[in-house]
Amino acid sequence: MLQSFQRPTARKIPLKKDRFQDEARFLRSWLERPLVVGAVTPSGKILARTMASYVDPRIPGPVIELGPGTGPVTDALIRRGVAQERLVLIEYSPEFCQLLKRRFPKATIIQGDAYDLKETLSGILKEPAAATVSSLPLFTKPMDQRLELLEAAQGMMHPNAPFIQFTYAVVPPIPARSQAYKAKASNRIWRNLPPARVWIYNKVTHP
């Protein structure tokens with residue numbers, strides 16, 4: 001488990017050189033563990049901004065990010081107005097964890113299994129989360145495991161907090177219709193390679 005609380009150094013990311021290196025890291029990780037990484041390249045800037053746009057920085061509490069990789073969505077969340085100290089990043093790859101620690105030194109960085117969210121975040125969260133933002137390759141997992149992940153995340157968040165997930169597929173990674181949650185989708189982001197869509201899931205609350 002890695003946790004980082006040092007002060008950040010001023011730095012613009014990702015630079016062109018960083019972007020090239022990130023793509024190389026992603027490709028290498030994908031070749032080594034395709035079912036874990038799930039993508040050949042990091043999320044593009046427009047996709048990252050779209051995902052971050054569904055997070056309201058005014059809502060208190062930590063923001064959980066699942067599978068941040070090299071940090072493009074993390075950077076978009078910070079630019080959105082989410083303080084770096086509020087970010088809880090769960091990443092499976094030790095190499096990516098070390099990279100995230102250097103890039104986002106005030107975030108909490110946890111090397112662990114995002115699909116076992118309760119165990120991975122045990123003792124970490126001190127208050128309900130404001131959002132969960134996921135770049136996990138959900139289609140590599142059976143549907144019951146995807147639903148368990150959504151339920152676990154919703155159990156750690158404010159009642160109306162969003163679970164935000166992107167996909168390259170034309171169908172939602174978690175079914176859009178359910179009595180337990182509401183789902184909506186962004187427009188397809190054609191300028192991302194490959195084109196992607198963002199799905200937002202909110203728990204159904206009863207009075």
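Let's start with a pairing: strand β5, residues 162–167, and strand β7 run antiparallel and are joined by six bridges. Two strands count as paired here if DSSP finds at least two bridges between them. Helices (H or I, at least four residues) and strands (E, at least two) are DSSP runs, numbered from the N terminus.

A word on the source. This is a predicted model, where local features need pLDDT of at least 70, side-chain atom pairs count only at pLDDT 80 or more, and totals for chains, interfaces and linings use all residues. Residues are numbered from 1 along each chain as its sequence is written, and side-chain values use heavy atoms, with hydrogens and water left out.

Back to β7. Phe 166 has Val 198 in β7 as its bridge partner. Strand β6, residues 181–185, also runs antiparallel to β7, with five bridges. There, Ala 183 is partnered with Tyr 201.

Is β7 mostly covered or mostly open? Mostly covered. The strand spans residues 197–203, and six of its seven residues are buried. Buried means under 20% relative accessible area, exposed over 50%, partly exposed in between (1.4 Å probe, protein chains only).

What packs there? Helix α3, residues 45–53, has Leu 47, Ala 48, Thr 50, Met 51 and Ala 52 buried. These buried residues pack against β7, and also against α4 (72–80), β4 (131–134) and β5. Contact means heavy atoms within 4.5 Å.

Now the loop between β6 and β7. Pro 194 lies in it. The peptide bond joining Leu 193 and Pro 194 is cis, with omega about -5°. Most peptide bonds are trans.

On to the rings. Rings of Phe, Tyr and Trp (its six-membered ring) pair if their centres lie within 6.5 Å; planes under 30 degrees apart are stacked, over 60 edge-to-face, the rest tilted. That rule gives four aromatic pairs. Take Tyr 181 and Tyr 201: their centres are 5.5 Å apart and their planes at 80°, so this pair is edge-to-face. Tyr 181 is in β6 and Tyr 201 in β7, 20 residues apart. Both are buried.

Why is the pair of Trp 199 and Tyr 201 stacked? Because the ring centres are 6.4 Å apart and the planes at 25°. Trp 199 is buried too, like Tyr 201. Ring pairs link Phe 163, Tyr 181, Trp 199 and Tyr 201 into a cluster.

Last, a charge over a ring: NZ of Lys or CZ of Arg within 6 Å of the ring centre and within 35 degrees of the ring normal. Lys 141 has its charged end over the ring of Tyr 115, 4.8 Å from the centre. Arg 188 lies over the face of Trp 190, at 5.8 Å.
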